[in-house]
Amino acid sequence: MTKVEQDARLDRAGDRLQKAVLGTLRPRRLRDLLHGVTLGHPLHPAMVQVPVGAWISAAVLDLMPGQRRPATMLVGLGTASAVPAAIAGLNDWAALARDQRRVGLVHAAANTVGLTLYAGSLAARLSGRHGVGRALGFLGLSTVSLGAYIGGHLAYKQGAQVNQSISELRRMTDGWHSLADMATLPQRTLITREVDDDISVILYRHGDEVTVMLERCPHQSGPLGEGEVQEIDGHACVVCPWHGSAFRLNGGEVVQGPSGNDQQILPTRIQNGVLQTRLP
């Protein structure tokens, strides 16, 4: 898998596919929907549960006598539901870093082969060739299992679509931390401060209310402190300067992808005119 991450030969095909995906999925609302922005959680990993669950269940039924009809129905359900899951995955993939896209390309290729095998399995079953259908189904399950393994590497080793900022909380010590004198904080301006000397947060004052938010963007660790404040759907939001993810400054909810995760807001209090924050 490390060799795949470093294999620049994959970039030619990957760059062409990325261009095609971005050219096809043009509307931002569509891309945000596929990223899982409305959920505050990536959509693709949730969607793949349906085809994977259906295909595994079909494989179990294929090992039992007299279960041709329900097995065929499950293969059909898995094949049909794999298509929107794949579209959501491609949408996420197009916003990843180059080394992640290389692994994601192999992940997509394995799943495409698996989906093709399951489509053939479904066609064979519907035509009465259940032995061929079962054989193609087991081959398909083996192939998509390989794809799932590669997807696990992409998520857990490379951190694709994983909240990149949440690890900052694990390094923050307990108790209240002083950040700034309230009198020095300007209105509606992003200010960057540090907690425990190396955990960066952003401050945003609106009237007497101050938001303290982790600075690292959940998507690819972009510096939110260097982003712009924009009003989106009536809410002040910080927009990541790297890939354009946007988060509400009054709650941390993601309102614009490619991030599918909300951003962490920290509790605050004022003590003797000093703004303080702590772990949630």
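The protein chain has 9 helices and 11 strands. Here, helices (H or I, at least four residues) and strands (E, at least two) are DSSP runs, numbered from the N terminus. The model is a predicted one, so to speak of local features a pLDDT of at least 70 is needed, side-chain atom pairs count only at pLDDT 80 or more, and totals for chains, interfaces and linings use all residues. Residues are numbered from 1 along each chain as its sequence is written, and side-chain values use heavy atoms, with hydrogens and water left out.Confidence comes first. pLDDT is the predictor's confidence in each residue, from 0 to 100. The mean for the protein chain is 95, and 100% of its residues reach 70 or more. The lowest confidence falls in helix α9 (residues 167-171), with a mean of 90, and the highest in helix α5 (residues 49-62), at 98.

Next comes the chain as a whole. Its C-alpha atoms fill a box of roughly 80 × 40 × 35 Å, taken along the principal axes. Of the 280 residues, 46% count as buried; buried means under 20% relative accessible area, exposed means over 50%, and partly exposed lies in between (1.4 Å probe, protein chains only). The accessible surface comes to about 14200 Å², and 56% of that belongs to carbon and sulfur atoms. These areas come from the Shrake-Rupley method with a 1.4 Å probe, and for residues only the protein chains shown count as cover. Contact means heavy atoms within 4.5 Å. Among contacts between residues at least 6 apart in sequence, 58% join residues at least 24 apart.

Now for the helices. An unreviewed UniProt entry marks residues 71-91, 103-124 and 136-156 as "transmembrane region". UniProt positions are given in the numbering used here, feature names are shortened, and annotations may be inferred rather than shown by experiment. In the model, residues 71-91 are 100% helix and 0% strand, with end C-alpha atoms 31 Å apart. Residues 136-156 are likewise 100% helix and 0% strand, and their end C-alpha atoms lie 30 Å apart.

The expected span of a helix is 1.5 Å times one less than its number of residues. With 29 residues, α7 should therefore span 42 Å, and its end C-alpha atoms are 41 Å apart, which agrees. Just after α7, Gly128 takes a positive phi of about 90°.

Trp93 sits in helix α6 (residues 68-93). Trp93 counts as buried because its relative accessibility is 5%. Leaving aside neighbours within four places in sequence, Trp93 is in contact with Gly14, Leu17, Gln18, Arg101, Gly104 and Leu105. Met182 is another story: Trp93 and Met182 are 89 residues apart in sequence and 42 Å apart in space, C-alpha to C-alpha.

The unreviewed UniProt entry lists residues 176-277 as "domain: Rieske". This span is 0% helix and 50% strand, and its end C-alpha atoms lie 5 Å apart. An open sheet of 4 strands has the order β2-β3-β4-β9, with antiparallel pairing. Two strands pair if DSSP finds at least two bridges between them. The edge strands are β2 (190-195) and β9 (265-266), each pairing on one side only. Between β4 (residues 209-214) and β9 there are 2 bridges, and Met213 stands opposite Ile265 in β9.

Several hairpins can be picked out too. Strands β5 (residues 228-232) and β6 (residues 235-239) run antiparallel and are joined by 5 bridges, with Ala236 in β6 as the bridge partner of Glu231. Their hairpin has 2 residues between the strands, and Asp233 in the turn has a positive phi of about 55°. β6 also pairs with β7 (residues 246-248), in the antiparallel sense over 3 bridges, and here Cys237 stands opposite Arg248. In this hairpin, 6 residues lie between the strands, and Gly244 takes a positive phi near 90°. Further along, 4 bridges join β10 (residues 268-271) to β11 (residues 274-277), again antiparallel. Gln271 stands opposite Val274 in β11. The β10 and β11 hairpin has 2 residues between its strands, and Asn272 in the turn has a positive phi of about 55°.

Last up is a loop residue. Pro186 is found in the loop between β1 (177-181) and β2. With a relative accessible area of 34%, Pro186 is partly exposed. Apart from neighbours within four places in sequence, Pro186 is in contact with Ile191 and Arg205. The C-alpha atoms of Pro186 and His44, 142 residues apart along the chain, are separated by 40 Å.
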